[in-house]
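I opened this notebook page to keep track of what I looked up, one entry at a time. The entries below follow the order in which I went through the model.

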Amino acid sequence: MPEDKTITALHSTRAKNARVVGPYLQPLLQTAASKGISAQQLALAAGLSADALEPLPQWISAAHYIRLLDVGAELCDDPYFGLHVGAQVKLGTYNVYGLILLSCHDFGQALQQTLRYEGLAHDLGVSDFHIIDDLAEYQWHSHFPHASRHLADSVFAGIAVFGSWLSGGALPVREVGMRHPAPAQGVEEYRRIFGAVPKFDCELNYGRFDAALLERAIPNADVSLYPVLQQHAEQLLQEKQRSLQDGSIISQVRATIVKNLAQDRVRLPLIAQDLNLTQRTLQRKLREAHTSFQQVLDETRHQLACNYLQQANLNLAEIAFMLGFQEQSSFNHAFKEWQGVNPGAYREQQIRLTAEKSINNKNSLVI
């Protein structure tokens with residue numbers, strides 16, 4: 001099926017506007033500094049102004065970040081520069097998203113938060129996740145498939161290091177696969193960082209592990225912080241998504257979801273069919289727009305739920321039905337994940353806020 005030229009142009013614009021937040025840039029600068037390469041040298045070699053990286057910027061374009069990876073490898077004469085950048089990842093590297101991971105009670109919840117909030121750290125790619133029997137597979141789809149291997153290496157090394165830090169020890173991984181070829185210099189550095197030599201020239205970047213690992217508790221997790229951090233992350237995510245909604249594929253999917261929610265027709269194959277696209281094409285278009293079908297579905301349901309809960313004539317069972325949940329308990333669980341409180345508590349908060357606003361308005365009229 002030929003690609004619509006308008007949508008292609010929109011995707012191209014978004015790729016140009018893709019960003020990396022400042023903290024995510026820090027490991028790259030630290031890795032270069034350890035080899036005696038200054039931020040100024042990196043910036044100039046990448047075609048940026050001498051002061052572009054110091055002090056640390058709030059964000060840089062994803063294209064500039066990828067260029068910095070390549071010139072960093074050249075200046076440092078380091079064929080494993082991407083791996084070494086990922087190995088420098090710290091809690092603050094992932095910004096708010098990293099703090100959310102630290103507040104999750106187990107790795108299953110942490111992985112779900114990754115799927116939703118990784119875009120708060122960078123627009124370099126999007127994660128996906130599948131479970132088949134006792135095997136779990138994490139996938140990372142780069143938005144820049146023609147970038148050098150340093151990009152995927154840095155992302156996966158960062159995941160490995162941060163995951164081991166969360167766990168308090170090395171995470172057991174069955175298999176790692178990378179799309180790029182094996183480096184001519186050898187693969188032992190991959191073994192040192194990943195604990196195993198990846199397969200190369202694969203169809204996608206992935207990591208496979210026992211599904212039982214998802215139930216492993218995160219030591220020292222402060223789960224009490226999760227609701228506050230999650231609400232903050234949701235606000236940041238909504239602001240970011242709002243800036244992208246300009247008649248794109250995201251808006252098309254959102255509109256189709258809203259139309260089909262109450263009919264329980266919000267599964268990926270049915271939405272793709274309504275948009276006259278194949279499932280694979282729709283998934284690709286959403287990846288190019290820096291999101292996924294599940295993320296668009298969650299955001300649409302979340303926004304609608306907040307609106308419906310402010311309508312006193314709708315009970316929770318009715319709202320759950322209109323949002324396409326088969327059971328009210330599923331709606332309750334999902335809403336608490338989105339908002340940090342259950343639907344009933346949220347409704348009570350809104351009623352109280354509305355009453356307080358009304359009183360304040362009356363007082364202002366009296367004055």
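The model is a predicted one, and I read every value below as computed from it.

Entry, cysteines. I looked up cysteine 202 and found a relative accessible area of 17%, so it is buried. Cysteine 76 comes out at 9% relative accessibility and therefore also counts as buried. I then searched the whole structure for disulfides, and the search found zero.

Entry, histidine 180. I located histidine 180 in the loop between strand E5 (175-177) and helix H9 (188-194). Is histidine 180 buried or exposed? Its relative accessibility is 10%, under the 20% limit, so I noted histidine 180 as buried. Setting aside the neighbours within four places in sequence, I listed its contacts as Arg149, Ala152, Asp153, Tyr190, Phe200 and Asp201.

Entry, second largest pocket. I noted a volume of about 780 Å³ for the second largest pocket. Its lining is made up of 37 residues, of which Tyr138, Ile159, Ala160, Gly163 and Leu171 are the closest to the centre. The elements that each give two or more residues to this lining are helix H6 (95-102), helix H7 (107-117), strand E4 (135-142), helix H8 (149-167), H9 and strand E6 (205-210). Which of them gives the most to the lining of this pocket? I found that H8 does, with eight residues. By class, I wrote down 27 nonpolar, seven polar and three charged residues for the lining of the second largest pocket.

Entry, hairpin. I looked up how strand E3 (residues 125-132) pairs with E4, and found that the two run antiparallel and are joined by eight bridges. Isoleucine 132 stands opposite leucine 135 in E4. The two strands form a hairpin with two residues between them, and in the turn aspartate 133 has a positive phi of about 55 degrees.

Entry, backbone exceptions. As a reminder to myself, most residues other than glycine have a negative phi, and most peptide bonds are trans. Against that background I noted that the peptide bond from glutamate 54 to proline 55 is cis, with omega near 5 degrees, and that proline 55 sits in the loop between helix H3 (39-45) and strand E2 (59-61). Aspartate 77, although not a glycine, has a positive phi of about 50 degrees; I placed aspartate 77 in the loop between helix H4 (62-76) and helix H5 (81-86), and at 68% relative accessibility it counts as exposed. Asparagine 95 also has a positive phi, near 60 degrees, but lies in helix H6, and its relative accessible area of 32% makes asparagine 95 partly exposed.

Key
Residues are numbered from 1 along each chain as its sequence is written. This is a predicted model: local features need pLDDT of at least 70, side-chain atom pairs count only at pLDDT 80 or more; totals for chains, interfaces and linings use all residues. Side-chain values use heavy atoms; hydrogens and water are left out. Helices (H or I, at least four residues) and strands (E, at least two) are DSSP runs, numbered from the N terminus. Buried means under 20% relative accessible area, exposed over 50%, partly exposed in between (1.4 Å probe, protein chains only). Contact means heavy atoms within 4.5 Å. A disulfide is a pair of cysteine sulfur atoms within 2.5 Å. On a 1 Å grid over the protein atoms alone, a cavity is a set of points where a 1.4 Å probe fits but cannot get out, and a pocket is an open set with protein on both sides within 12 Å along at least five of seven lines; lining residues have an atom within 4 Å of a point. Grid points are joined across faces, edges and corners, and a volume is the space filled by probe spheres set on the points. Ala, Val, Leu, Ile, Met, Phe, Trp, Tyr, Cys and Pro count as nonpolar, Asp, Glu, Lys and Arg as charged, and the others, Gly among them, as polar. Two strands pair if DSSP finds at least two bridges between them.
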